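Trainee: I would like to learn how to read sheets, helix packing and chain contacts from a model. Could you take me through them step by step?
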Amino acid sequence: MSLETKYPNEVQQILSKYPPEHRRSAVMPLLYLAQREEGYLTKAAMQDVAKIVGITETDVASLVGFYTLYHDKKEGKYRMQVCTDLPCALRGADDFVKSLCDHLGIQVGETSEDGFVTLEAVTCLAACDKAPMFQTQGPDGIKYHENMTVDRTMELISVLRRSGREVGS
Amino acid sequence: MSHILLRHREIPDIADLRVYKKNGGFEAFQNAVTKMTPAQVTDVVKNSGLRGRGGAGFPTGMKWSFIDNKNWPHYVVANADESEPGTFKDREIMEGNPLQFLEGLAIASYAVGANAAYIYLRGEFWQLGAFLDEKIAEMEKEGILGDKLFGGEYSLRLYTHLGAGAYICGEETALLDSLEGKRGQPRVRPPFPPAVGLYGKPTVINNVETIANVPLILANGADWYKSMGTADSAGVKVFSLSGRVRKPGNYELPFGTTFRELIYTHGGGVQDSRPVKAIMPAGASSSLIIVNDEKVLDTPMDYASVRTLGGDLGSASVIVIDDSVSMDWLVDKTIHFFRHESCGKCTPCREGTYWMSNIIERIHHGRGTTGDVDLLLNVAKQMQGKCLCALGEFSTMAVVTGIERFPDDFKNAVSPSPLPILNLKEREGMEKA
């Protein structure tokens with residue numbers, strides 16, 4: 001089913017933000033919408049977005065490749081993206097990631113066996129004073145988790161597994 | 001001193017429209033639209049000495065006055081792509097005091113004759129984007145945004161737009177390309193955005209913190225604002241303090257406050273009471289300021305004074321480095337960041353960050369030689385002055401100042417002669433270790 005059939009109101013609302021002669025500006029918000037359910041962009045979804053804004057499928061794919069929050073492969077339902085940049089690393093982010101790997105039994109870049117969590121190390125998330133921290137990218141959007149410990153992270157994962165969604169979102 | 005930008009610290013509900021109004025909110029915007037010409041608004045901001053808070057420090061009123069009045073429509077874009085490692089001030093302003101930011105954006109739009117303004121937020125600020133959308137809707141309902149405002153002819157709409165994870169989109173022309181639905185890659189300048197900006201139209205791009213200053217400048221006057229800070233750097237600044245301090249966080253202080261006051265009085269001092277080895281005053285893009293003399297800590301934080309230390313104040317994202325940190329590790333971290341974030345458009349930056357990251361990785365993991373340190377310095381210096389935008393230049397700052405100001409850290413990390421060539425299996429073993 002096409003994006004316009006499935007989410008007619010959202011698509012119209014997105015397009016209304018930009019001048020009608022510059023529909024291309026809507027490509028990024030439309031890609032977020034297309035990625036919402038599966039957590040990644042299928043070829044069909046990219047074709048669909050290309051058609052709505054009137055650019056080529058190659059153009060759309062080049063955007064998906066350029067921006068880190070778009071994904072073209074299925075990974076875990078939740079991506080845990082831990083910041084390991086300099087300010088966070090000065091507050092123990094590297095040890096935090098290592099310890100998470102041990103607890104989850106996966107390496108950075110890998111997905112847990114049940115396909116629930118993918119662990120990623122990412123660049124600055126503008127929360128340097130609250131490290132260790134990470135964001136979760138999943139079906140409920142993007143959410144920050146700050147001043148984290150490994151215990152609290154494991155607890156968060158088990159709550160997510162049980163409830164199927166972020167608490168408070 | 002009460003806050004000017006982080007007012008939510010005194011008035012916790014200031015994000016609520018009624019509370020904001022009760023505290024004088026939107027009076028400056030209404031007054032501007034009903035009683036002032038756009039040129040008069042621009043003049044007040046010019047006279048206040050307000051300079052851009054995104055890092056470059058360009059005079060804000062002057063930027064507004066550059067808008068091309070022969071080409072229409074005009075746009076204003078708020079740069080909310082805050083992504084510099086060490087910077088986390090705009091997020092707090094937008095979360096805590098969103099209406100003051102939005103009012104500032106409305107005033108800026110009126111001053112340059114824009115009927116539409118976009119807020120370009122980094123994609124990670126997904127929740128914040130939804131929050132601002134709510135606030136914008138409330139303002140529309142209240143008649144503060146929309147058509148024919150306050151019974152006059154002026155109309156204005158504000159829109160949020162989410163990026164999707166690319167540091168380079170904080171560079172203003174890359175941001176414009178991204179907002180146009182393209183890959184975020186910098187444009188060749190000139191022409192500058194006030195002449196050719198969004199959709200080829202005259203556009204003013206200001207940082208969130210810059211914009212948040214504007215309502216109170218209009219309400220209290222240029223002289224009031226100039227009475228704070230220093231002659232060269234007027235007003236207040238939100239300093240993002242991070243690294244090895246006891247109390248990291250945002251501190252709104254007048255320009256000219258010393259590093260010592262920020263780190264020790266506000267930041268609670270260094271963890272484990274260790275000495276400060278270096279300061280990065282502008283995030284990962286900074287030169288490393290060496291703290292080998294107590295006097296360095298007594299330097300006032302304003303644009304001119306920080307320059308005397310061989311650095312730049314930039315966005316005032318102060319990262320504190322203590323004596324437990326070795327600079328080969330630090331440079332490995334910053335280069336990894338810039339290599340990842342280089343957009344790939346210009347060769348010196350794309351290739352330079354790639355080679356610098358290979359060499360520093362070798363050095364940091366104990367496989368480098370003395371020659372590698374020279375080579376790294378050489379590559380960094382080759383890049384300087386040759387990149388299309390500031391990102392490439394920024395990537396070399398910690399490298400050059402790290403090697404030149406902390407030579408022992410690199411000397412200790414390398415061996416004088418090449419190591420024996422390892423076979424693949426041995427090398428993999430070393431990489432894991």
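Predicted model: local features only at pLDDT ≥ 70, side-chain atom pairs only at ≥ 80, totals over all residues.

Trainee: Let me begin with the overall make-up: how many helices and strands does chain A have, and in which order do the elements run?

Mentor: Chain A has eight helices and four strands, and read from the N terminus the order is α-α-α-α-α-β-α-α-β-β-β-α. The C-alpha trace of chain A spans about 50 × 35 × 30 Å along its principal axes, and 41% of the 169 residues of the chain count as buried.

Trainee: What domains is chain A divided into, and how far apart do their C-alpha centres lie?

Mentor: Chain A is divided into domain 1, residues 3-66, and domain 2, residues 78-163, with 28 Å between the C-alpha centres of the two.

Trainee: Which strands does β3(A) pair with?

Mentor: Strand β3 of chain A, residues 134-138, runs antiparallel to β4(A) and is joined to it by five bridges, while four bridges join it to β1 of chain A, residues 78-83, again in the antiparallel sense. The link between β3(A) and β4(A) is a hairpin through two residues.

Trainee: Which way do the residues of β3(A) point, and are they buried or exposed?

Mentor: In a regular strand the side chains alternate between the two faces of the sheet. In β3(A), A:F134, A:T136 and A:G138 point one way, A:Q135 and A:Q137 point the other way, and all are buried. The strand is accordingly described as mostly covered, with five of its five residues buried.

Trainee: Turning to the two chains together, how many residues of chain A are in contact with chain B, and which element of chain A gives the most?

Mentor: There are 34 residues of chain A in contact with 37 residues of chain B. The elements giving two or more residues to the chain A side are α3 (27-35), α5 (57-66), α6 (86-89) and β4 of chain A, and α3(A) gives the most, with four residues. By residue class, that side divides into 22 nonpolar, seven polar and five charged.

Trainee: In what order do the strands of the chain B sheet stand?

Mentor: Four strands of chain B form an open sheet in the order β3-β2-β1-β4, with parallel pairing. Because β3 (157-162) and β4 (203-207) of chain B stand at the edges with a single partner strand each, one side of each is left without a neighbour in the sheet. Strand β2 of chain B, residues 114-121, pairs with β3(B) over six bridges, and B:L121 stands opposite B:L162 in β3(B). Helix α7 of chain B, residues 126-141, lies across β2 and β3 of chain B and runs at about 170 degrees to β3(B).

Trainee: How do I describe the packing of two helices, and at what angle do α5 and α9 of chain B cross?

Mentor: Two packed helices are described by the angle between their axes and the distance between the axes. The axes of α5 (residues 89-96) and α9 (residues 208-220) of chain B come within 9 Å and cross at roughly 45 degrees, and the two helices are therefore oblique to each other. In this contact, B:K89, B:D90, B:I93 and B:M94 of α5(B) meet B:V208, B:E209 and B:A212 of α9(B), and these residues divide into four nonpolar, no polar and three charged.

Trainee: How many residues of α5(B) are buried, and what covers them?

Mentor: Helix α5(B) is mostly covered, with seven of its eight residues buried; B:R91, B:E92 and B:G96 are among them. The cover includes β1 (74-80), α6 (98-112), α7, α9, β5 (236-243) and β6 (249-254) of chain B.

Note on methods. Residues numbered from 1 in each chain as written. Chains lettered and ligands numbered in written order. Axes fitted to C-alpha atoms, helices over the stretch in contact; angles between N-to-C directions. Parallel < 35°, antiparallel > 145°, perpendicular 65-115°, else oblique. Contact = placed C-beta atoms within 7 Å. Nonpolar A, V, L, I, M, F, W, Y, C, P; charged D, E, K, R; others polar. Pairing = 2+ DSSP bridges. Buried ≥ 20, exposed ≤ 12 C-beta atoms within 10 Å, placed from the backbone. Domains from an automatic or database assignment.
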